[in-house]
Every structure is written in C-alpha cells, then in structure tokens.
Amino acid sequence: MRKHLWCVTFAVLFLATTIISWRSAGANKSDGKVNSTLNARELFNQYVNSLYQTASLQQTGLAFNVFEKAVTGYTNLKLSHQLPQSSSVLTVVDFTKSSREKRMWIIDLFSKQLLLNTWVAHGQGSGDEMATNFSDRNDSHQSSLGFYLTDNVYMGKHGRSLHLDGLDEGFNGNARMRDIVIHGASYVSQAAINRKGYVGRSFGCPAVSPRVIDKVINTIKGKTVLFINGNDDSYSSKYLDESGPLNFISADSTNFDLARL
C-alpha cells in the first residue's frame with residue numbers, strides 16, 4: 001500500500017513538473033516573439049532618428065513624425081520593388097506649415113545629407129497662407145496629399161518641368177490627368193513673401209522658385225519618392241503600414257540600412 005502511494009505521488013510530481021516546463025517554454029517563446037517585435041520597432045526608430053539627427057533636419061524645421069512617415073513609405077516602396085535599388089533621394093513637403101516657411105526638403109538617405117530646403121507653393125484652392133483643403137479632383141486647383149514617384153522631365157508652359165505619378169488612389173491618383181507636376185514659378189520667392197506675406201499659389205502643383213528648379217529636377221527626377229504631408233484626418237495610405245519594414249528587420253536585424261533594401 002505504502003509502495004503504491006509513493007508511486008502515485010511520484011507520478012503526480014512528474015506530471016506537474018512536465019506541465020510547468022511546457023508552460024515556461026511556451027511563455028519564453030511568446031516573450032521572445034514580443035521582444036523581437038519590439039526590437040525591430042526600436043531598431044527602425046533608431047535608424048530613422050539617426051538619419052534625422054545626422055542630416056540636421058530638426059534645425060531646418062522638419063518635424064520628426066513627418067519625416068518618419070516619409071521614410072516608412074520610402075521603405076515600403078523599396079520592399080515592393082517600385083523603386084530602383086539605387087534610388088536614395090526622398091523629398092518631403094509639409095503643408096501643415098505656412099508657405100512663408102521653407103517647407104520642402106530633399107534628403108539623400110544613403111549619405112544622410114540634406115540636399116536642399118526651399119519654399120514650395122500649394123494650390124490656390126487649398127488656402128492662402130496655409131493649405132487647409134486637399135483634393136484629387138480635376139479643376140479643384142487644390143493640392144493632393146500622399147506619396148508620389150517622380151518620372152520624366154519635359155518642357156511645358158512653365159519651362160522645364162517634372163512629371164509626377166500619384167500612388168495613393170483617392171488622394172493623388174489623378175496627378176497625371178490633372179497635370180500635377182513640379183515646375184518653376186516666379187511667385188515662389190522671398191520677394192513674393194515680402195509683397196503679400198506668403199508665396200503665391202499654383203493650380204495644385206508643388207511649384208518652386210525658378211532659381212532652384214533645375215537643381216530640384218536634376219536631383220529628384222527618375223523614380224524617386226515625394227511625400228506631401230498635410231492636415232487631413234481622412235488621408236490614409238498602405239505605404240504607411242509599418243509591418244513591412246518591421247518584418248524585414250525581424251528577418252535580418254543585423255546592420256539594418258536602407259541602402260541594403
């Protein structure tokens with residue numbers, strides 16, 4: 001009887017130890033998955049912050065959260081092979097800022113350098129000094145938010161200009177049909193600001209000063225990313241989904257660099 005009792009006790013202890021070990025192993029796996037996700041997010045945030053700090057973007061007025069959105073979109077476009085491997089230039093336009101401010105930034109993400117910070121116009125239908133209304137509708141004369149790819153250079157009524165292809169359907173997908181392009185305009189200048197208090201407005205194009213149009217076009221032409229940010233709660237984009245970059249980092253977290261995408 002006593003021998004039987006010892007056998008039962010031993011069996012119960014063995015079973016309890018086994019269950020505890022299974023639970024511990026399962027908990028470790030779960031924790032490892034969470035930690036992996038957190039590490040990927042932290043690594044991506046650290047990398048974006050490194051770009052931001054090295055290029056001295058804060059000093060020029062570019063908000064970190066806007067830059068982070070732009071880099072997330074750029075990364076997703078790279079991962080989906082919509083960008084050439086060598087494409088390193090990212091252009092950010094922030095229409096939450098006054099047109100009195102230099103609110104266009106052109107950044108080389110590989111060398112972590114700010115290439116140009118300049119004025120840019122918004123559409124006359126979007127507002128006066130501040131852009132508050134956005135549309136993808138033809139003849140609205142409003143600016144359109146979202147991600148674009150730059151394309152070819154051509155000679156138009158504003159001189160040397162650059163075609164843009166909108167990537168966010170419902171927000172900028174009609175860019176080609178609307179002739180939303182980058183071109184030079186005399187109303188984008190310090191003189192215009194001195195006269196009116198803000199730069200002039202376009203028919204929806206992100207127009208820049210004639211003094212920098214050639215530099216802008218030569219720097220960003222041929223399949224580079226342009227991101228236009230603005231105050232519009234309805235705006236959404238699949239390119240702002242962080243899962244793509246985080247999954248890539250989780251798969252290979254060593255020496256993460258956009259140049260390797």
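How many bridges join strand β5 to β6, and do they run parallel or antiparallel? Two bridges join β5 (residues 159-166) to β6, and the strands run antiparallel. The views below come from a predicted model.

**Figure 1. The open sheet has seven strands.** The strand order is β3-β2-β1-β7-β4-β5-β6, with mixed pairing. The edge strands, β3 (113-118) and β6 (181-182), each pair on one side only. Strands of a sheet pair through backbone hydrogen bonds, either parallel or antiparallel.

**Figure 2. H163 has a bridge partner in β6.** That partner is V181. The strands β5 and β6 are antiparallel here, joined by two bridges.

**Figure 3. The largest pocket has a volume of about 350 Å³.** Its lining consists of 17 residues, and those nearest the pocket centre are K157, R178, D179, F203 and C205. By class, six lining residues are nonpolar, seven are polar and four are charged.

**Figure 4. One cavity of 30 Å³ or more is found in the whole structure.** The volume of the largest cavity is about 30 Å³. Its lining is made up of R41, F44, N45, E242, P245 and L246. Two elements, α1 (2-54) and α6 (243-251), each give two or more residues to this lining. Helix α1 supplies the largest share, three residues. Of the lining residues of the largest cavity, three are nonpolar, one is polar and two are charged.

Notes. Residues numbered from 1 in each chain as written. Predicted model: local features only at pLDDT ≥ 70, side-chain atom pairs only at ≥ 80, totals over all residues. Heavy atoms only, no water. 1 Å grid on protein atoms, 1.4 Å probe; cavity = no way out; pocket = protein on both sides within 12 Å on 5 of 7 lines; lining within 4 Å. Points joined across faces, edges and corners; volume = space filled by probe spheres on them. Helix = DSSP H or I, 4+ residues; strand = E, 2+ residues; numbered from the N terminus. Nonpolar A, V, L, I, M, F, W, Y, C, P; charged D, E, K, R; others polar. Pairing = 2+ DSSP bridges.
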